[in-house]
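Subject: Structure for you to look at

Hello,

Here is the structure I promised to pass on. Please open it alongside this message and check the points below against it.

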Amino acid sequence: MNQNPILSLHPLTKFYFAIFITVSVIIVPNYLFAYAWFPVLIVIAAMAKVAKSFISFILKTLIILLAIVFLMQLFFYPGEDVIGSWWIFELTNEGLLQGLSLTSRILAIGSAFILFFRIVEIKDFVKALEDIGMPPTGAYIVLSTLQIIPEMRRQSNTIMEAQKTRGVETEGSLIVRAKAFFPTLTPLILSSIASTEERAITLESRAFSAPGKKTSLHKLTKRPIDRVLPWVYVGIIIGLIIWRVFL
């Protein structure tokens, strides 16, 4: 069975691609260039068969942020070329261009890293960092940081389900959900502290802090394309810098 060409890439190759997009939209000031990355990322997500969850996450998170940033720049960015007015606000061409520039970069960079975490498992990314020399302690810090929000979300859902079985109303209006949420904070914090202690005991039982070279059963392999693509990214970035400075 043939592996998916996107998913089979090394985690660092995918990470370097997200970094490449970030650097490229910073170098190139054109907002059309930055916006053009989004359909490219959608195509990549479709090839990796995560397009639905990718677009859904973008709509739930980035769209609201982009709308706020755009409106703030449109109404409050100083400028002399007035293109319209609304109530006490003046809409300027400078504000419009600044809003398009900021939102395009946020969309490109945010989408790149959202897609990265959609097609890369956290454990693979952390193992890749260890393979290039990151100490196990640092790798564990990265792993625990990336996992803390999903873990707390799972614990919160478990507590909410337990509250629901006890007859507590957890669905309905915003006020009803707020009343159901705040009583879950105490058990959520206590369970997080308990899980931290359990992790520490588990790590020590596996000689995490013991001196000596660490071994792992989880192995990552690099293919020839994983060695070529990072240099392709570097070459394109150098070309963009030369174009930006001299042309």
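What follows is a list of findings, from the overall layout down to single residues.

Please keep in mind that this is a predicted model.

Overall layout

The chain contains 9 helices and 2 strands. In sequence order, the elements run α-α-α-β-β-α-α-α-α-α-α. Of the 247 residues, 31% are buried. Taking contacts between residues at least 6 apart in sequence, 67% join residues at least 24 apart.

Strand β2

Strand β2 covers residues 89-92, and T92 belongs to it. Is T92 buried or exposed? It has a relative accessibility of 3% and therefore counts as buried, the limit being under 20%. Leaving out residues up to four places away in sequence, T92 touches L74, Y77, G79, D81, V82 and I83.

Aromatic residues

There are 14 aromatic pairs in the structure. One of them is F15 with Y16: the ring centres are 6.4 Å apart and the planes meet at 50 degrees, so this pair is tilted. F15 is partly exposed, at 21% relative accessible area, and Y16 is also partly exposed, at 32%.

F15 also pairs with F113, here edge-to-face, with 6.3 Å between the centres and 70 degrees between the planes. Which parts of the chain does the pair of F15 and F113 tie together? F15 lies in helix α1 (residues 11-27) and F113 in helix α4 (residues 93-119), so the pair links parts that are 98 residues apart in sequence. F113 is partly exposed, with a relative accessible area of 24%.

F15, Y16 and F113 belong to one aromatic cluster that also includes F116, F117 and F125. Separately, R118 sits over the face of F57, 4.8 Å from the ring centre.

Helix α5 spans residues 122-131, and its buried residues are D124, F125, V126, K127, A128 and L129. After α5 comes G133, which has a positive phi, near 115 degrees.

How many salt bridges are there? The count is 2. In one, the side chains of K127 and D131 meet at 2.6 Å, N to O. Both residues lie in α5, 4 residues apart, which is about one turn of the helix. K127 counts as buried at 11% relative accessibility, whereas D131 counts as partly exposed at 43%. In the other, E121 is bridged to K123, with 3.9 Å between the closest N and O atoms. E121 is partly exposed, at 47% relative accessible area.

Nonpolar surface patch

A nonpolar patch on the surface is formed by W231, V234, I238, I241, I242, W243, V245, F246 and L247. Together these residues have about 1,000 Å² of accessible area. V234 is found in helix α9, which covers residues 224-246. V234 is partly exposed, with a relative accessible area of 39%.

Best regards

Conventions
Residues numbered from 1 in each chain as written. Predicted model: local features only at pLDDT ≥ 70, side-chain atom pairs only at ≥ 80, totals over all residues. Heavy atoms only, no water. Buried < 20%, exposed > 50% of the residue type's maximum accessible area, 1.4 Å probe, protein only. Contact = heavy atoms within 4.5 Å. Phe/Tyr/Trp six-rings, centres within 6.5 Å; stacked < 30°, edge-to-face > 60°. Lys NZ or Arg CZ within 6 Å of the ring centre and 35° of its normal. Patch = residues over 30% accessible without salt bridge, like charges linked within 9 Å, V, L, I, M, F, W, Y side chains within 5 Å. Areas by Shrake-Rupley, 256 points an atom, 1.4 Å probe, with all protein chains shown as cover. Salt bridge = Lys/Arg side-chain N within 4 Å of Asp/Glu carboxyl O.
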